[in-house]
Amino acid sequence: MNILEIEHLRKQFGDREVLSDISLSVREGQVVSIIGPSGSGKSTLLRCATLLETMDGGSLKYLDRYAVRDTGSGAEYASQAELKAVRSCFGLVFQNFNLFPHYTVLKNIVEAPILIQKRSKEEALQTARELLAKMGLSDREDAYPYQLSGGQQQRVSIARALAMSPKILFFDEPTSALDPELTGEILKVIRALAAEHMTMVIVTHEMAFARDVSDHVIFMDGGHIVEEGEPDIITNPRHERTIQFLNRFN
Amino acid sequence: MTLTSMILKMSEGLGRTCAIFFLTLLFSLPLGLVVAALRRSRFAAVRMLTRMYISLLRGTPLMLQLLVVAYGPFYLFGMSVSRNKLVPTIIAFALNYAAYFAEIYRSGIESIPQGQYEAASVLGYSRGQTFFRIVLPQVVKRILPSITNEVITLVKDTSLAFTLAYMEMFSIGKQIANSQSSFMPFIIAGVFYYVMNLVVAFVMSRFESAMAYYR
């Protein structure tokens with residue numbers, strides 16, 4: 001079953017087309033990594049998929065719910081109510097965490113499930129504490145974000161996303177703001193999620209990690225998908241541009 | 001007239017001074033938020049009108065605005081001038097201070113990183129929930145020092161109510177100064193304002209430390 005289906009996505013900033021004819025589908029339990037140079041459109045693709053940017057053409061579908069339909073000449077967004085339902089399908093982990101600084105760790109995690117998903121306070125608290133335990137942060141539930149290291153903040157933001165029980169979780173360069181040691185912490189968490197068959201789409205510059213953890217790897221450049229396939233395209237790229245890009249990592 | 005009786009007489013006006021002060025804050029703080037919202041409206045006409053409002057109220061003297069509110073209805077529409085001076089005083093003060101507060105709110109709102117809105121959006125917060133739960137609390141913390149400045153100015157501005165012969169503390173002082181040919185009432189008024197502002201500064205610093213639990 002496809003959790004996410006994107007067809008012929010087109011996005012432009014002014015006259016400049018930053019994403020051209022991107023099609024991508026993600027099956028349940030699949031881990032997809034998107035790699036490529038800066039400015040290749042990876043993050044914009046993720047931002048379109050999470051409704052943070054509007055797309056100019058193509059369609060976007062979660063399970064059997066259309067968020068955006070292709071009208072041929074453009075993209076037609078669903079009603080606000082429908083988009084709200086669509087938003088509950090996915091979670092997003094940001095490069096710079098974007099935790100709410102005025103909330104404790106625990107409140108960062110429980111507020112949305114209680115407020116948006118109308119879950120009971122007890123249930124939300126229980127879920128949050130289980131997630132914090134999984135993230136190794138049980139003793140920090142009363143801390144404020146500024147009191148945490150970058151790695152800890154990122155783990156809280158992963159817990160915050162997971163607390164909404166998303167069907168699919170997006171990561172937008174989740175380790176780019178972290179030093180190598182803290183990067184390891186986060187990669188370990190994502191690996192553990194992959195082992196539990198969490199459906200994930202990960203934009204990353206960690207090539208070795210992408211090769212190990214993914215079922216499918218997409219290489220983007222200049223707003224196009226240049227090459228995609230099994231994770232071994234990272235070790236054995238075929239396309240000229242992919243070879244050139246990956247050479248810098250070896 | 002003795003010093004004590006001067007002080008006592010002027011103290012009688014302190015209630016009115018405080019009335020101007022608190023009523024102005026009561027109305028202008030929320031009104032400023034509304035003006036700030038209109039200033040960021042998606043309709044260009046609304047944005048332009050709001051900018052004109054702010055520009056006019058910040059660009060002309062409060063004293064003139066008091067006169068316009070109190071006597072404008074008479075000159076424009078022939079309406080009778082009310083004997084109640086508190087209402088026009090509060091209207092003029094609230095409209096004036098709302099313009100200043102609106103710009104302070106705006107600076108605070110614009111300083112909140114886009115990522116906060118994006119995180120809230122992905123979690124499914126509505127626009128209203130995002131603003132009142134995520135943005136506004138952080139804005140309040142950031143703008144408190146600027147708000148303190150305005151509140152201190154407001155304490156001193158209450159003396160402008162003499163324009164409408166609303167007999168607050170300073171107006172009474174002026175009257176005594178005239179009748180007694182004495183400078184003493186002005187010194188007393190100065191002490192009163194200074195002490196009130198010590199209290200304001202103390203209260204506001206308490207607010208600031210109450211918000212210092214996060215960064």
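Predicted model: local features only at pLDDT ≥ 70, side-chain atom pairs only at ≥ 80, totals over all residues.
1. The open sheet of chain A. Six strands of chain A form an open sheet in the order β7-β8-β9-β3-β10-β11, and the pairing within this sheet is mixed. The edges are held by β7 and β11 (224-229) of chain A, each of which has a single partner strand, so that one side of each is left without a neighbour in the sheet. Direction ignored, neighbouring strands of this sheet are turned against each other by 20° on average.

2. Strand β10 (residues 216-221) of chain A pairs with β11(A) in the antiparallel sense, over five bridges. Within this pairing, A:F219 has A:E227 in β11(A) as its bridge partner. Helix α5 (residues 150-162) of chain A packs on the sheet, where it touches β7 and β8 of chain A, and the direction of the helix makes about 170° with that of β7(A).

3. Strand β1 (residues 2-13) of chain A and strand β2 (residues 16-27) of chain A are paired in the antiparallel sense over eight bridges, and A:K11 stands opposite A:L19 in β2(A). The two strands form a hairpin with two residues between them, and A:G14, which lies in the turn, has a positive phi of about 65°.

4. Two residues of chain A whose backbone deserves a look. Most residues other than glycine have a negative phi. A:E173, although it is not a glycine, has a positive phi of about 45°; A:E173 belongs to the loop between β8 (168-172) and α6 (180-195) of chain A. Phi of A:H197, which is likewise a residue other than glycine, is positive and near 65°, and A:H197 sits in the loop between α6 and β9 (200-203) of chain A. Are these two residues buried or exposed? A:E173 is buried, because 21 other C-beta atoms lie within 10 Å and the cut-off for a buried residue is 20 or more. A:H197, by contrast, counts as exposed, because it has 11 C-beta neighbours inside 10 Å and the cut-off for an exposed residue is 12 or fewer.

5. The nonpolar cores. The largest nonpolar core has 76 residues, of which A:A159, A:I168, A:F170 and A:V201 touch the most other members. Leaving aside residues up to four places away in sequence, A:A159 touches A:I109, A:L131, A:L132 and A:M135. There is also a second, separate core of 30 residues, which includes B:I54, B:L66, B:A70 and B:F101.

6. The contact between the chains. Chain A gives 19 residues to the contact and chain B gives 16 residues. On the side of chain A that touches chain B, the elements that give two or more residues are α2 (80-87), β7 (90-93) and α3 (105-115) of chain A. By class, this side of chain A has eleven nonpolar, six polar and two charged residues.

7. Chain B as a whole. Chain B has nine helices and zero strands, and its C-alpha trace spans about 70 × 50 × 25 Å along its principal axes. Of the 215 residues of chain B, 31% count as buried. Among the contacts in chain B with a separation of 6 or more, 74% are accounted for by residues 24 or more positions apart.

8. Helix α9 of chain B. Does the length of this helix agree or disagree with its number of residues? Helix α9 (residues 184-210) of chain B has 27 residues, which at 1.5 Å a residue should span 39 Å, and its end C-alpha atoms are 39 Å apart, which agrees. The buried residues of α9(B) are B:P185, B:I188, B:A189 and B:F192, and the buried residues of this helix pack against α1 (3-11) and α8 (169-180) of chain B. In general, an α-helix has 3.6 residues a turn, so residues three or four places apart point the same way.

9. Not counting residues up to four places away in sequence, B:L31 touches B:A94 and B:A98. B:L31 and B:L144 are 113 residues apart in sequence, and their C-alpha atoms are 17 Å apart in space.

Conventions:
Residues numbered from 1 in each chain as written. Chains lettered and ligands numbered in written order. Helix = DSSP H or I, 4+ residues; strand = E, 2+ residues; numbered from the N terminus. Contact = placed C-beta atoms within 7 Å. Nonpolar A, V, L, I, M, F, W, Y, C, P; charged D, E, K, R; others polar. Core = buried A, V, L, I, M, F, W, Y, C linked by C-beta atoms within 7 Å. Pairing = 2+ DSSP bridges. Axes fitted to C-alpha atoms, helices over the stretch in contact; angles between N-to-C directions. Expected span 1.5 Å × (residues − 1).
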